[in-house]
Amino acid sequence: MLLRRSKLLLSPSSRAAGHLVCRYFDVIVVGGGHAGTEAAAAAARVGAETLLITQKIKTIGVLSCNPSLGGVGKGHLVREVDALDGLCGRAGDWAGIHFSILNRSKGPAVWGPRAQLDRDRYREFIQSELLSTPRLTVLEGAVEGLLVSEPNPDQPGQIKVTGVRIAGGAQPINAKSVILTTGTFLSGALFMGQTVSQGGRMGDPPSCSGLSHTLRETLGLKIGRLRTGTPPRIVKDTVQLSLTKVCPGDKQPTPFSFLNKETRCKPEEQLPCYLTHTTPGVERVVKEGLHLNAHIQQDTKGPRYCPSIESRVLRFPGREQQVWLEPEGVASDLLYPQGLSMTLPPELQLRLIREIPALKQAEIRTPGYGVQYDFVCPTQLSPSLQVKKAQGLFLAGQINGTTGYEEAAAQGLWAGVSAARAALSLPLLALSRTQSYIGVLIDDLIVQGVTEPYRMFTSRAEFRIVLRSDNADLRLSTRGFEEMGCVSMQRYKEAVRMTDGLRDAMAALESISMSCTKWMEKLGQIHLSKTKSAKLNGLELLEYKDVTFEMLASAFPGCLSAYLEFSKRLKIEGLYRPHYMMQEQEMERVRKDENLSLPQDVDYLTLPISLSMEAREVLDRAKPHTLGAATRLPGITPSAIVHLLNYVRKTDKEREQERVHI
Amino acid sequence: MFLNSIAVWRISSFIRKEFRFNLTKNLCCKGIYDADTIFALSSGHGMCGVAVVRVSGPASALVLQSMAGLSRGLPPPRTAVLRNVTDPRSQELLDRGLVLWFPGPRSFTGEDSAEFHLHGGAAVITGVLQALGSVPGVRPAEAGEFTRRAFHAGKLDLTEVEGLGDLIHAETEAQRRQALRQMEGELSRLYQGWSQRLTRSLAHMEAFIDFSEDELIEEGVLNEVDLSVLQLQREIEGHLQDGRRAERLRSGVQAVIAGATNAGKSSFLNLLCQRPAAIVSPTAGTTRDVVETSLNIGGFPVVLSDTAGLRDTGDSVEMEGVRRAKERVQLADVTLVVVDSTQLPQNYQSVQNFLTDHLRSILPNEDDLTASLQRCLLVLNKRDLLSRRTVDGLQKSISQAEGLPLASLLSCQTGDGLDDFLDVFQDRMRTLCGDPLVGSVSLTQARHRCHLQQCVRALSQYHRYRDVDLALAAEGLRLALTSVGRITGKVGAEQILDIIFRDFCIGK
């Protein structure tokens, strides 16, 4: 069944799987979750004829776990995906029913835009968005394996992926690039109490074992196993909400997307979240049920930051834990208990939640469960998210060992851009850590690898003062249009207008320079700590807590009032400007290191440079793409970097000389 | 007797500079693949019982095979064997000694290495060194090259290299002791401890930023960070205010001879270094530029500078000399003010006022004359021209004077009174440098000082933004950690996250 047909490729009558007129695409995306949908949309935006294959079309865009988007660190990713014209930001603005900026009191660099979502609206938005994307076809089916052939000798890689095999005997489909975004479905196993069943999500069929086999055996990739879980869903009417703390959304919702001035949900229509706490009784139930809990007894690595209630209680006993009861949608009669992910047998789950006073009479609609799944160790990927060994194969999302919708969407978008560019014979690009959280995410994955599901935090970004959620458009949208080709003209024009407007406004602010005494006379109720003789310009003045751009604009309406629409952003720019200047130098150094690429065909174990055996082994395992990546490898000493640097410079020079000789 | 103990240590300081230069140069632009095999006499020069010659590099095995008769097989690693050492060209027997084989990477340099423990005669050593030089691919080591190779092989961290570099070239006893202590990692441990505490503070701060919205992380966490940062700041500042003692010990105490023209400053310099380092003449204004020499005073290194006599002059060259003299006095750790004692007033009561006025004209007094006076020692010269009675009277009056620096009455002509002066000077050295084996570990490197100063500045950024913008406050902690990390090694984001998850129950 086709959700959307492309006029060029399909006859109007051929709508079922296996009846594709065209068996050749630029890009095939396998999986319709957050990574898959962003990947497919991005590839199509770049200009590739794209096919999205998913098990069930009606589950495209489903929020499998929590009904929320964004947060601290994650909100940055949503804003960046939006700045590159991705889907999730606009979908969040459409589906959001409760908006708040987390960390409001801690400084704009770490603000975390977040929203509770209506599950139905989110899914509908994503599906209709994909439906109207040109060059994108959607096919329902299960992928059984990958088509491979001899590699292109001009490029690194031992094998070439040329398409996919569909289950049920249909003919294989060819493509120049294939993106796998299979989430938890790769050899997925579901745990509840002592029962274990095959699958990646409750209610969906398990994915074919053939794909896992291809990755392991045919491609010889290193595979690891991770686990995650989801809490039971609770019937709202059975909860005593009077015993909880009611937390309303922000009075003025802030949209995720740079294109939206407001959210679909009106401020007064927002639904609240409810906060409650665990009791010692919860701990008791966990401990009683431990022998019935197959998931917890296994030693597969789970996340430290999104653990089940069982592992929280076991690791930090005797503590009261927070439980957030989150709305699931405008029309939904369910609440999602954030913090109560569990894998106990269903009857114990009910006993456990009823130990919480507000949930004393609560009913469970669907019990919580755990998932264990395979992931591909992401150190085997290049910065474009292409598998180093396999030409044309890209991976994104949980298959790379990450957790979270936002992390998946960010990778999906980048894999989509890369796969499309590869298919269209355009040069592959890399996103720098110095420019985006997406760059930080990908660099961390491919350089450090993962030992537990990877989630974004602001503390992972060393240039946090510069990489803010408010300026993602300035950092990415123009590049996205000019270099990557994944940004629409409309967004590009808006980003250029914003960049120019902010630049002019800052220049205007800097042109107004006065002594502190004069400023205080002019503006009245402000307090400046600087010595009275020192001169300050308007931009520097914005660094002070109680100075707003509006105040300055009303004092100098002639040159500033034209920029009033930027006032919030100008205030933030003014606050961080001095620190931006300081970080710029360090960012430049990192960028330089990232520009020094290391050859991929080097045998580090025998390389004739002075390196310790430990360093050789680390380098051999990681095969870093750039000197910058090498510096971030654990166990690499500064002296090893010096030697690598010299080696790179020397080989560069030798290559140059060779060229001269030719 | 004392004069024998004065050794010129300028050479050592030259070598040290050279070593550091080579280290930096090689780190920056040279030294890719150490294909060469190097050798050097590792024990001291001169007569000694046992001399150790070290060899490092890929040809080490070849050296052992061709010079120690081991062509049929190398000895077990790190085991001493007694062998005949022969010249590979002539097969002539050079010595009989212990030979050791250290296959890389488990050696000091990380490369294949060998050691020859020989009899310490000059002829033996020269013979072995010449023989080594004849083996193909083997050459004498540059200063500090063994250490550099060890560093490149990841065998030493930066503080250890600095400690080792100093040890190799430590000429004075006190320097050697301090270098040893640094190499043992005491300084590393101190900095490491700071780094760990900073990491923890930063982790707690980051936990508050990244998780407090969803988790039970109380604001109390930040109060703890406040306290910890304040404590740390105090400790680092205290460390920085050690009066530059250890750094002085490394690079020498700056002692400047100053005074009026013809007071005998240059004669005093020549007396101290026991050679005519400066031109001496009865003409006022003979010394026009700064003359500098290095001395060892009781085990402490001293850089002694003679300066132009301070007077108003129309001669442009001399004027420049006077300007430079004043500049030196500003920067000095000790100012030795030489006074012509025949110019002192006959009336002993007015000697104190005279000297106070005189010092005021010579010492920098814009900021704080008391501080300048504390840095000063008085040398009353030309004692031989005074009568016995005058000498006694003078000595009595200066010993009773209040507010005057310590004074020594001596004669550069005869050397009378020099021992008394040296006792006073040595005491002062001890105060300035400290005994390296007593008290807290102090700074030895200007580099450490610079990073620690940056760290303290960054910590004040934390306080400045603590109530305004937590991202900027955390940035202060990060910068502080990076600065300390420049000394001890870096701290990555994962380590910070490890602490977050160890110390907090994060459950979202």
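Let me start with a hairpin in chain A: β10(A) and β11(A) form it, with two residues between them, and G193(A) in the turn has a positive phi of about 60 degrees. This is a predicted model, in which local features need pLDDT of at least 70, side-chain atom pairs count only at pLDDT 80 or more, and totals for chains, interfaces and linings use all residues. Residues are numbered from 1 along each chain as its sequence is written, chains are lettered from A and ligands numbered from 1 in the order written, and side-chain values use heavy atoms, without hydrogens and water.

Strands here are DSSP runs of E, at least two residues, and helices are runs of H or I, at least four, numbered from the N terminus. Strands pair if DSSP finds at least two bridges between them.

β10(A), residues 189-192, runs antiparallel to β11(A), residues 195-198, with four bridges joining them. M192(A) stands opposite T195(A). β10(A) also pairs with β19(A), residues 369-376, in the antiparallel sense over three bridges; there F191(A) has G370(A) as its bridge partner.

In a regular strand the side chains alternate between the two faces of the sheet. On β10(A) both faces are covered: A189(A) and F191(A) on one side, L190(A) and M192(A) on the other, are all buried. Buried means under 20% relative accessible area, exposed over 50%, partly exposed in between, with a 1.4 Å probe and protein chains only.

Now a helix. α11(A) covers residues 437-448. Since 11 of its 12 residues are buried, α11(A) is largely enclosed by the rest of the structure. After α11(A) comes G449(A), with a positive phi near 75 degrees.

Key: Expected span 1.5 Å × (residues − 1).
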